[in-house]
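Subject: Structure for your review

Dear colleague,

Please find the sequence and structure below. My notes on the ligand site and on the other spaces in the protein follow.

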Amino acid sequence: MNKIKNLSEFANKRYGQNFLKNDAIIKRIIQSIPNDNLRVAEIGPGLGDLTKELVTTRDVTAFEVDKRLCEHLQFAFSQSIHADRLKIRCGDVLKYWEDNLLLDEPYHLVANLPYYIATNIILKALKDENCQSILVMVQKEVAKKFSAKSGEKEFSGLSVLTQTVGFGELLFDVGSENFVPPPKVTSSILLIRKKRSEDNIYFEEFLKIAFKQPRKKLSKNLSTHYNKDKIEALLQKLEVSLTIRPHEAETSMYHHLYNELNKDNIDGRTKQQSRKRAES
Ligand code: SAM
């Protein structure tokens, strides 16, 4: 990319461009990828610093929205593209995800994510059944929300969704001095190992209700949508305090409460779905 004289001026804020310029950190990221032969999907390869290391050992499909960077990547990686090691998809990655599967084969997601859509991208990957693991650089607060354990103050609806499909871990922090231009926040590497995938928007909505006011009682949040007596009876049956706060409940408890409180709706939905299936 000889044309680029000044990376800071070149970087487009709209696309969340902060380029990672530390080879030791890139190596640590590479070492954290699960050790198998699956393809890697990279979102936002940028100037290709991480991509360069990835293609030495893996087949890679990279998604880049910025046309200037796409041209650069196609030129700089022409050999890898020719050897079928690297595929470059130019455009918004969320468009490629419209059919729920980013790639039509099992893959690991590896990326230094654009922070403005990082949460959205991780949620898509959790639901994508071809995605086997997620290794991403994100804002530290976001990494904590996905990887927190029940009882920790950061435990959130995002932590519950992660634990529903696998196991989340904050691997290490990356200071802003490692990027050009430096972001205003500290970043962290988040690894989510998936055991399965789940796409249940009703459960996601339920978690939004449960964590609406994180410092209030869980029963109070839930009572905005469900019968208070029923909630309290369920909590008593589970032998947990009626004053339990959302971050103190376990993932299994959220699934139990969701199933019990939505019993009629879930049965209704199931019936509707089987009717539709029978009609088609
Ligand atoms: N991987 C590079 C690195 O580590 O230096 C760049 C990371 S930079 C934080 C985020 C990258 O994501 C940029 O290259 C940006 O253009 C790209 N990007 C932003 N929004 C995107 C989108 N919707 N789809 C695909 N790529 C996107």
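The largest pocket is lined by 28 residues, and Gly44, Pro45, Gly46, Glu64 and Asn112 are those nearest its centre. Please bear in mind that this is a predicted model. The volume of this largest pocket is about 390 Å³. By class, its lining comprises 16 nonpolar, eight polar and four charged residues. Strand 1, strand 2 (39–43), helix 3 (49–57) and strand 3 each contribute at least two residues to that lining.

The ligand

The largest pocket is the space that the ligand takes. Around the ligand there are 23 residues, of which Gly44, Glu64, Asp92, Asn112 and Tyr116 come nearest. This shell divides into twelve nonpolar, seven polar and four charged residues. Strand 1 (19–20) and strand 3 (60–64) each provide at least two residues of the shell.

- Gly44: a backbone N or O atom is 2.7 Å from a nitrogen atom of the ligand.
- Gln17: an N or O atom of the side chain is 2.9 Å from an oxygen atom of the ligand.
- Val65: a polar backbone atom is 3.3 Å from a nitrogen atom of the ligand.

On its own, the ligand has 600 Å² of accessible area, and the protein covers 99% of this.

The second largest pocket

The second largest pocket holds about 330 Å³ of space. It is lined by 18 residues, with Lys13, Gly16, Gln17, Asn18 and Pro183 closest to its centre. The lining of the second largest pocket consists of eight nonpolar, seven polar and three charged residues.

The cavity

How many cavities of 30 Å³ or more does a search of the whole structure find? There is one, and the volume of the largest cavity is about 90 Å³. Its lining is formed by Leu123, Leu126, Lys127, Leu161, Thr164, Val165, Glu198, Asn200, Phe203 and Glu204. Five of these lining residues are nonpolar, two are polar and three are charged. Helix 7 (118–127), helix 9 (157–165) and helix 10 (201–210) each supply at least two residues of the cavity lining.

With kind regards

Note on methods
Residues are numbered from 1 along each chain as its sequence is written. This is a predicted model: local features need pLDDT of at least 70, side-chain atom pairs count only at pLDDT 80 or more; totals for chains, interfaces and linings use all residues. Side-chain values use heavy atoms; hydrogens and water are left out. A residue is near a molecule or strand if one of its heavy atoms lies within 4 Å of it. A polar contact is a pair of N or O atoms within 3.5 Å; within protein, one must be able to donate a hydrogen and the other to accept it, and residues adjacent in sequence count only if both atoms are side-chain atoms. Accessible areas come from the Shrake-Rupley method with a 1.4 Å probe; for residues, only the protein chains shown count as cover. On a 1 Å grid over the protein atoms alone, a cavity is a set of points where a 1.4 Å probe fits but cannot get out, and a pocket is an open set with protein on both sides within 12 Å along at least five of seven lines; lining residues have an atom within 4 Å of a point. A molecule sits in a cavity or pocket if more than half of its atoms lie within 2 Å of its grid points. Helices (H or I, at least four residues) and strands (E, at least two) are DSSP runs, numbered from the N terminus. Ala, Val, Leu, Ile, Met, Phe, Trp, Tyr, Cys and Pro count as nonpolar, Asp, Glu, Lys and Arg as charged, and the others, Gly among them, as polar. Grid points are joined across faces, edges and corners, and a volume is the space filled by probe spheres set on the points.
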